[in-house]
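Please look over the sequence and the model, then read the notes below.

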Amino acid sequence: MQQTRGLVHFLSFDCETQAMRDQLLATLKSHGVKQGPCGKRSARLRPTLCFEEKHAQRYLTALDKACAELS
């Protein structure tokens with residue numbers, strides 16, 4: 001991941017390439033996280049309004065697993 005940006009519930013980050021981003025999003029989906037693409041190589045997270053710390057922890061765990069699988 002490269003540049004990370006956002007505020008509260010609207011977060012995004014860039015991947016080096018579009019293919020890498022697409023692969024990461026597919027891997028996240030296999031871990032139960034639906035996250036959408038944005039632009040050429042960015043991924044955007046827009047969780048529901050009922051988003052608590054436990055949900056953030058689940059997301060970070062899934063993201064760590066996905067990144068580990070892809071590295």
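Which residues make up the largest nonpolar core? This core consists of Phe 13, Cys 15, Leu 24, Leu 25, Leu 28, Val 33, Ala 43, Leu 45, Tyr 59, Ala 62, Leu 63 and Ala 66, 12 residues in all. The model is predicted, local features need pLDDT of at least 70, side-chain atom pairs count only at pLDDT 80 or more, and totals for chains, interfaces and linings use all residues. Residues are numbered from 1 along each chain as its sequence is written, and side-chain values use heavy atoms, with hydrogens and water left out.

**Core**
- A nonpolar core is a set of buried Ala, Val, Leu, Ile, Met, Phe, Trp, Tyr and Cys residues joined through side-chain atoms within 4.5 Å.
- At least two core residues come from each of helix H1 (18–30), strand S4 (42–45) and helix H2 (53–70).
- H2 gives the largest share, 4 residues.

**Helix H1**
- Helices (H or I, at least four residues) and strands (E, at least two) are DSSP runs, numbered from the N terminus.
- Arg 21, Leu 24, Leu 25, Thr 27 and Leu 28 are the buried residues of H1; buried means under 20% relative accessible area, exposed over 50%, partly exposed in between (1.4 Å probe, protein chains only).
- Exposed residues Ala 19, Lys 29 and Ser 30 lie on the face of H1 turned away from its buried side.
- After H1 comes Gly 32, with a positive phi near 90 degrees.

**Confidence**
- The protein chain has a mean pLDDT (the predictor's confidence in each residue, from 0 to 100) of 90, and 97% of its residues reach 70 or more.
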